[in-house]
Amino acid sequence: MSTQAPEAPAPEEPRRGSLTSAKGRMADPIFKWAVTACGTIVLVILALMVIRTTSEAWPVFAKEGFFGFLTGQEWRSGDSRTEITGTYGAWPFIYGTLVTSAIAIVMALPLAIMVAFYITHLAPRRLAKPLSYTVELLAAVPSVIFGLWGLHWFLPNVLRPFFEVLENLLGWFFLFEGPIRGVGYMAAGIVLAIMILPIMTAIIREVIAVHPIEQRMAAYALGSTRWEVMRNIVLPAGFSGIVAAAMLGLGRALGETIAVLMLIGGSQSWSTSLFGTGSSMASHIAATFGEATPEARTGLMAIGVALFLVTMIINILARVIVRRLGRMTGDAAV
Amino acid sequence: MSTMTSTPVRQHVPLSQRPPGSSFRRFKDLLATVVLTMAMILAMIPLVLIIFEVTRRGIGVVDLDFFTQTEPPPRREGGGYAAGFFGTLYIMALAISMSIPFGIATAVYIVEYGPNRMTSTIRFFTDVMTGIPSIFVGLFVYGLLVIGWGGLGFGTFVGAVAIAVMMLPIVTRSAEEMLRLVPDEMRNAGYGLGARKWQVIVHTVLPAAAPGLTTGSMLAIARGIGETAPLMMTAFGSGLIVTGFQGDPQGSVPLQLFKGAAQPFEAGIDRAWGAALCLFALVLIFTVVARWVGSKASTAD
């Protein structure tokens, strides 16, 4: 393209990349090699993650045993530099993680399904896109802001009165036993529900948006109402997508740290009441990491490995399901 | 439910003139419409509440001092998050320079040199990586660089590495989608002019996808700015402005916000709301502008 350059007789410059120069011939393989190297970085990072953290946490697993670590009731960290002297039982934190995530899924999944159906089937066409953007904007709110808002506004103004009503009505049931401290599993779970709503809505929305229009039209032609089309045609077809969305939401809920840390109360024991305080795996790591001894950090690393394993399994399963449903766009953003 | 839809329709009567059963069906339809609309409204409420409350509590706190002064002890009023803003800017600049080139290069590899077994593996694990808990990324970078093979200690660089690991899959996935949107005719036109593959990619495909790449990168930045958990184990936090590249704990706005929100004194909590407003505004601006650029790009096709 620049062979006409009048005052540049040096052949190397203008002919760089042309088919005959040796430099040009090398450019393509080099470029390919470079982008391939960048591509493999993801795999290298993941491999390093597994190797580094597992080897770091190994002494704790070796002492407690993997299942002993998961089911142990007591967490008492030692301060030795060379060996593991404390007792490391992660059950209270695993329990906290499971309970808060369960609350979040139970509350967010039905809402996400309904919102997705509203956006795809009922919303005026012009509103559909702004509405889905608005819900997904919620995913952009940093976790720490959810924590701040949850702790200093949502909890005292909305959740506490709600908890008191709940305790009055259902206090005889072990899940809703008092005393109400405000912070606790329930508060963390409800804020988590708000946080995982966007990703679940986004995925369910995409799953039901790819549902073939012919089937719906056929159902309408048979005289179905919109509700019947949604309930009997689209919902069953989108079932696996909804499962995948729930699992991805669960993955997010399990790993969420800061907002849970600010709302769960941070005790190292566990209680059966949803109003009780506790810690989740992630929140316990974040809460104690700063002041922890090197040995305690080994224990925290072990919690991290357990958390990683669970979220990886859930994520891989969910992604496999989503993959089967065909190419998804847009969910990278949430 | 299923008995209702499988009931054979005997004659062609408009729905409005059907016997009572159909009015029950219409009632259910109406009920569903109302319930779904209410669900939609309910889903919007948290965002509105958060925006309202953060603005209300934060607006009085944010002034010039808030960006130029460091934070006094939590009991005292005044001062600001200069240390946090500086740290966030520093960390983000490093994280962006690490994650965005690598992310886009990975996407180029997946789209331009795929599909093959390698690219689909990378693609799959990029997806999975978006779901890795942020706290675990912090632990990983702590294990790898802070105490591990690197032994670098806390600091700006390791914090940036953690944020970059969080941003990388977001950049890659969105860049990949955008590169796929570039029509093959443009590539073929480039080849037709005698361009090599790398020339086609660098001079044709990437410029054509530029608005979309911007969108993805901005969304990733918006995500990265607000990350707190990974920084707890890597940057560690600091109340003073730290200019060192590595070795001294570095602050950031989310870390400082978290500390401010978790302590009992009113002045510190007020500053946390101020920081929340700044952080939120930044994230929202990035997200909205990114979407806007993206929608412009997709309507231009």
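Visitor: Into which domains is chain A divided, and where do they run?
Guide: Chain A is divided into domain 1, residues 1–57, and domain 2, residues 87–333, with bounds that come from an automatic or database domain assignment. The model is predicted, so local features need pLDDT of at least 70 and side-chain atom pairs count only at pLDDT 80 or more, while totals for chains, interfaces and linings use all residues. Residues are numbered from 1 along each chain as its sequence is written, and chains are lettered from A and ligands numbered from 1 in the order in which they are written.

Visitor: How many residues are in contact between the two domains of chain A?
Guide: On the domain 1 side there are 4 residues, and they are in contact with 6 residues of domain 2, where contact requires C-beta atoms, placed from the backbone, to lie within 7 Å. The domain 1 side divides into 1 nonpolar, 2 polar and 1 charged, with Ala, Val, Leu, Ile, Met, Phe, Trp, Tyr, Cys and Pro counted as nonpolar, Asp, Glu, Lys and Arg as charged, and the others, Gly among them, as polar.

Visitor: And the contact with chain B, how many residues does it take?
Guide: It takes 77 residues from chain A and 80 residues from chain B. On the chain A side, helix α1 (residues 22–64) gives the most, with 18 residues; helices here are DSSP runs of H or I with at least four residues, numbered from the N terminus. By class, that side has 48 nonpolar, 20 polar and 9 charged residues.

Visitor: Changing topic, where does α5(A) bend?
Guide: The bend in α5(A) is about 70° at A:L155, and a proline, A:P156, follows within four residues, the bend being the angle between axes fitted to the seven residues ending there and the seven starting there. Helix α5 of chain A (residues 143–170) has 28 residues, yet its end C-alpha atoms are only 31 Å apart, short of the 40 Å that a straight helix would reach at 1.5 Å a residue, a span taken as 1.5 Å times one less than the number of residues.

Visitor: What about α9(B), where does that one bend?
Guide: Helix α9(B) bends by about 60° at B:A210, with a proline, B:P211, following within four residues.

Visitor: Which residues of α4(B) meet α11(B)?
Guide: B:A83, B:G84, B:F85 and B:T88 in α4(B) meet B:V253, B:L255 and B:Q256 in α11(B), and this contact divides into 4 nonpolar, 3 polar and no charged residues.

Methods:
Helices (H or I, at least four residues) and strands (E, at least two) are DSSP runs, numbered from the N terminus.
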